[in-house]
Amino acid sequence: MPAIDSRTPAPAPVLDDVSAEILDLKKQLGATILAHYYQEGEIQALADITGDSLKLAREATKVDSPVIVFCGVLFMAETAKMLNPAKTVLLPDLKAGCSLVDACPADKLEHYQEVLRANDRKFQTVCYINSSAKVKALSDWVVTSGNAEDVVRNKVPPGYEILFVPDKHLGRYLQELTGRDMILWDGSCMVHEIFSVVDLIKQKKEHPKAVTIAHPECPQNILQLADFAGGTEAMIKHVATYKEPTEFLVATEANMMWELERRYPQHAYLGVPGITCSCNKCPHMARNTLEKVRDCMKNRSPEILWQPEFDKAKEVLARSLLNPPVTAPVHPMGD
Ligand code: SF4
C-alpha cells in the first residue's frame, strides 16, 4: 500500500449523477442552496447553508447570488422571497406545505381578532413563522422557536394578552416560561404531535443514562419527560456540551439526527417513536428530492412570486427576526 503523504489533499467525495448535475447547475445559475435540517441528508450535503427557520431566514438576507434554491417548505421559501424581493427564489416542490400553516387560515384568524376587539380585549397577535404570508400580515410579531421567548418577554408590551398562533404546544411552553397571558390557537405540527409517551418511557428504562432532548413543538407530556427542550439550533448547542460519548433520545423530526451525527459522531442518537408512524419524518419536507432540486434549477421553476400580502408580512418579519434580541433569553431555544 503506498504511503499517504499528509500534504496530499483528501480525494473529493464521489457524487452520484444527480448531485453532480445539481452542483453544475448551481455554478451556471450562480445559485445558493439553503436547506432546512429536516431535509434528507443527501440534500443537506449539497447545501451551502443548512439551518433552522431563524438561521435560514437571517442567512437569506446575506446571500449575494441572484438565485436562492430553498430546500424546505413553502412558508420558508416565501420568507426568503420576502426578505430578498429582487432575487429569484426556487422551491423544488410547491406542494411542500405544513400542518401548522393549514391549521390557521387567515380568514378565521381575522374573524377571531375582530371578535376579541369587539369584546374590548387588549391583545397583540404573535404568529409562529410556520404560517401563511396572510397570517403574518395580520400579526404584530413573527417568531421562530429561536426568538419566541425574547419577543414574548420583551417586545409585546406589558398589559397585553397574546393571541399566539398557530402552534398550541409552543404557545403553552412559552406561556409556562414567561408567565404571559396567552390565547392559544388550536394548531399543531403533525410530526411533533405524535411522539409516543409510552415508547419514550420504555426507551428511558432501556437506556437509563440516555439524555432526552425534545422540540417545544412536542406536547407537554413529552416535554415533561425531556432533560432538555429547545429548537433545533439549541439542541445542537446542547449536544455540543457533552464531551464523553453519550446516548441521546431525540424527539424531533428524524432528519435532524443527520446533522447531529455529522457534527458529533462520538454520540449515539435514537429517535423517539411516533404513535402512528415510527419514521418521524415530515411528509411535506420529504416532497423535496434530489431530482426535484435538480429540475427546479434546470427549469427555474417552481418560483416563488411576489404576492400582495408579502408587503405587510415583510414589515412584520423584518422587525421581528432581523433585530437582535433585547436581552439574552433565559431559556435559549435557538430554533
Ligand atoms: S415538521 Fe411539522 S412544523 Fe415542520 S414543516 Fe413539517 S409539519 Fe410543518
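## Backbone

In which loop is P302 found? P302 is in the loop between α14 (290-299) and α15 (310-321), where helices (H or I, at least four residues) and strands (E, at least two) are DSSP runs numbered from the N terminus. The model is predicted, with local features needing pLDDT of at least 70 and side-chain atom pairs counting only at pLDDT 80 or more, while totals for chains, interfaces and linings use all residues. Residues are numbered from 1 along each chain as its sequence is written, and side-chain values use heavy atoms, leaving out hydrogens and water.

The bond from S301 to P302 is cis, with omega near 0°. A cis bond also links V165 to P166, with omega near -10°; P166 belongs to the loop between β7 (161-165) and α9 (168-178). Most peptide bonds are trans, and most residues other than glycine have a negative phi.

R300, in the loop between α14 and α15, is not a glycine but has a positive phi of about 50°. Its relative accessibility is 40%, so R300 counts as partly exposed; buried means under 20% relative accessible area, exposed over 50%, and partly exposed in between (1.4 Å probe, protein chains only). D120 also has a positive phi, near 55°, and lies in the loop between α6 (106-118) and β5 (123-128). D120 is exposed, at 71%.

## Nonpolar cores

A nonpolar core is a set of buried Ala, Val, Leu, Ile, Met, Phe, Trp, Tyr and Cys residues joined through side-chain atoms within 4.5 Å. The largest has 77 residues, and F70, F164, V165, I213 and Y269 have the most contacts inside it. Helix α4 (residues 74-83) supplies the largest share of this core, 6 residues. Apart from it lies another core of 18 residues, including I22, I43, L46 and M297.

## Helix α12

Of the 9 residues of α12 (residues 232-240), 7 are buried, so the helix is largely enclosed by the rest of the structure. I236 is part of this helix and is buried at 2% relative accessibility. Leaving out residues up to four places away in sequence, I236 touches Y37, M256, E259, L260, R263 and Y264, contact meaning heavy atoms within 4.5 Å.

## Ligand site

The ligand is surrounded by Y38, C98, S99, L100, N130, C189, M190, V191, E217 and C282, each with a heavy atom within 4 Å of it. By class, this shell has 7 nonpolar, 2 polar and 1 charged residues.

Note on methods
Ala, Val, Leu, Ile, Met, Phe, Trp, Tyr, Cys and Pro count as nonpolar, Asp, Glu, Lys and Arg as charged, and the others, Gly among them, as polar.
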